[in-house]
Amino acid sequence: SARRAANLKVRQPLGLCHVIVANPTLRDAIEKNQRLIREELNIKEIAFAENPEEYVAYEVKPNFKALGPRFGAKVKQLAALLAKSDNAEMYAQLQQTGHIQLVLDGEAVALEAEEVEVRLQAREGFAAAQSADMVVVLATHITDELRREGWAREFIRAVQDLRKEKGLAYDARIAMTLFAEDERLLDALRQFESVIAGEVLAAACTYAAQAPTPAKIVVIDDMNAVV
């Protein structure tokens, strides 16, 4: 969800994912399965954060449909109270206790999770998404190394599609000839040659001086690779 919000392709590796989670059982499960999570989500590192306000801003809004029958004419007053309260603190209360404590006209009231709507806004340089139990924050800065690996992954996807088009058996080995006019893309394909070959089952990989024919053209970030 955070990737979609920032328009980051799944095949683009990302450097860091911050996880803010209050439930110790859930945190333990994430810690024990970090390697699997990193592989599935194409993220290099997962770190647990204690201060979500460093990465995101919260906006706690009233759910008028749920609060109207309970508070009647006071619902607008309650909305104003929510608007001027510390949104990060209210979100922390929800995470820790499942409700928000407020004082309305001198009377203590507790708002349940379904009575409010929490909106999340990532700060510059991050993308974020939340569930009932956690917030995940992606660092959106893509280094040259991450970008080059992303190009290699896009190329792998294209070759896998070509294998399917040719009706190759899933375990069939291939010999592959590559050409890329853009030196940046060519360098990236050379750098990740062993990864590419392993994924597409290429027993041999040759770099041509000019585009081979017949061939498939793969467009990666407006650059052409020919295979």
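In the predicted model, strands β1 and β8 pair in the antiparallel sense over 5 bridges; strands are DSSP runs of E with at least two residues, numbered from the N terminus, and two of them pair if DSSP finds at least two bridges between them. Within this pairing, cysteine 17 has leucine 138 of β8 as its bridge partner. Residues are numbered from 1 along each chain as its sequence is written. Because the model is predicted, local features need pLDDT of at least 70 and side-chain atom pairs count only at pLDDT 80 or more, whereas totals for chains, interfaces and linings use all residues, and side-chain values use heavy atoms, with hydrogens and water left out.

Strand β1 (residues 14-21) also pairs with β2, running parallel to it over 5 bridges. Leucine 16 stands opposite glutamate 45 in β2. Strand β1 is mostly covered, with 6 of its 8 residues buried (under 20% relative accessible area, with a 1.4 Å probe and protein chains only).

On β8 (residues 134-139), β7 is joined in the antiparallel sense, again over 5 bridges. Here alanine 129 lies opposite valine 136 of β8.

Together, the 4 strands form an open sheet of mixed pairing, in the order β2-β1-β8-β7. Strands β2 (43-48) and β7 (126-130) stand at the edges; each has a single partner strand, so one side of each lacks a neighbour in the sheet. From one strand to the next, the twist averages 20 degrees, where axes are lines fitted to C-alpha atoms and angles run from 0 to 180 degrees between N-to-C directions.

Notes:
Buried means under 20% relative accessible area, exposed over 50%, partly exposed in between (1.4 Å probe, protein chains only).
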